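This report describes one protein model for a reader who works with coordinates. The sequence and the structure are shown first, and the description follows.

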Amino acid sequence: MESMGGGLPQSHPICLPQNALTPLSGGRFSCGPAPNSWVGFLCCVHYDEKKGWVLRMRSQYPVWPDNKRFAFTIFDDTDLGTLANLRPVYSFLRDLGILTTKSVWPLGAVAESAEYGDTCENPEYLAWLKELQAEGFEIALHNASFKTSKRARTAQGLEVFKEHFSSWPKTMVNHAACRENIYWGANRVTGSRRVLYNLLTWRKQDNIFRGHLQDDPLFWGDYCKKYIQYVRNFVFADINTLKVCPFMPYHDPEKPFVNYWFCSSDGKNVEQFNRVIVERNQAKLEKEGGLCIMYTHFGKGFFAGGRLNSKFEKLMRLLASKNGWFVPVSTVLDFLRSQNGGHRITGAERAQLEWRWLCDKLFLGPT
Ligand SMILES: [Zn+2]
């Protein structure tokens, strides 16, 4: 190991058999050839100010930008979201300095949308979405609308999105009720996991979703491939999404119409969200130096009775006080992709991920 010179950097990992350390800003050092490179060796010797030299198993995580200790972001599924119940939540996040990702439906008549949540056809809501985007929040896609769209309507939805937000959606999540969903239902998994999934769901999700099937009236896989970078599939209970899926974003050659997949942690409503970010889980995320991509519906209970949920408020304030990287989903995924080179998932990795998801699904329900 080379001499580090210039004094020992505090709390940095030194990986064996690495023989070079790359200086980072703020007096820290990173293993590997470039700043922010992945720490991916068999074991590390870690220097802790209080404990001295500590041997630990290899870290699965990158060194986050700006000397941040961990990363946290949110994908907000737009179900039941309205200008009235979302605006206070986003004002709160903005004031905390936590910039996240808000999904939208570009299409959907205002009268009909009352039951589902606002769409971009509501001018007041659209104006607010543009403000959010200007403030640094990411606007993402949640299908063209809240109901199934044929190919032409999906294309229209994408065009309208581009018109409103000046770029194609970079990130997208399937809306469970839409049959044009891409690689959804039983197609989320492969091999024996698909057989088990069909058994668990009484085959109700088999061959229903058709967005990836060429020549089907609901097909839009080619648009997805052309315009969208990141699509979410699996959701897990662990706050540290990267611990469960350390190779994301990844390309799956068995699902060719999606460029890259990402996973999430399950915070589907305010109660579940609060359970995931309780103090001890925040401490765990921080200690592990990991990443949480929380999947939620901000329309489900975060603002009710004229006020923000008090537990949510308290826990988010605590999180914001920590040294985390709080940027939108695609910013985190772009960073990870710059580190992993756009990972192509192996059969073993896919099997492991699918088994883990099925196990979690037994406890989490339909995510
Ligand atoms: Zn949805």
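## Contacts and confidence

Two residues are in contact if their C-beta atoms, placed from the backbone, lie within 7 Å. The model is predicted, and the protein averages a pLDDT of 86, with 83% of the residues scoring at least 70. Over residues 1-44, however, the pLDDT is below 50, and this stretch has 83 contacts in the model beyond near neighbours in sequence.

## Overall organisation

The protein contains 12 helices and 17 strands. Of its 367 residues, 43% are buried. Among contacts with a separation of 6 or more, 74% are between residues 24 or more positions apart.

## The nonpolar core and Cys263

The largest nonpolar core has 84 residues, of which Val258, Phe262, Cys263, Ile293 and Val332 touch the most other members. With its neighbours within four places in sequence left aside, Cys263 is in contact with Asn233, Phe234, Val235 and Phe236, and also with Thr241, Val244, Cys245 and Met248.

Met248, one of these contacts of Cys263, is joined to Pro249 by a cis peptide bond with omega of about -5°. Pro249 lies in the loop between α7 (241-244) and β11 (250-251).

## Gly324 in strand β16

Strand β16 (residues 324-325) includes Gly324. Gly324 is classed as buried because 22 other C-beta atoms lie within 10 Å, the threshold being 20 or more.

Apart from neighbours within four places in sequence, the contacts of Gly324 are Lys68, Arg69, Phe70, Ala71, Phe72 and Leu319. Asp66 is 258 residues from Gly324 along the chain, and the C-alpha atoms of these two residues are separated by 9.6 Å.

## Positive phi values in two loops

Leu80 has phi near 65°, a positive value in a residue other than glycine. This residue is found in the loop between β6 (70-76) and α1 (83-96). Is Leu80 buried or partly exposed? Leu80 is partly exposed, since 17 other C-beta atoms lie within 10 Å, and partly exposed residues fall between the limits of 12 or fewer for exposed and 20 or more for buried.

Arg203 also carries a positive phi, near 60°, and is likewise a residue other than glycine. Its position is in the loop between α5 (191-200) and α6 (221-227). Arg203 has 13 other C-beta atoms within 10 Å and is therefore partly exposed.

Conventions:
Residues are numbered from 1 along each chain as its sequence is written. This is a predicted model: local features need pLDDT of at least 70, side-chain atom pairs count only at pLDDT 80 or more; totals for chains, interfaces and linings use all residues. pLDDT is the predictor's confidence in each residue, from 0 to 100. Helices (H or I, at least four residues) and strands (E, at least two) are DSSP runs, numbered from the N terminus. A nonpolar core is a set of buried Ala, Val, Leu, Ile, Met, Phe, Trp, Tyr and Cys residues joined through C-beta atoms within 7 Å.
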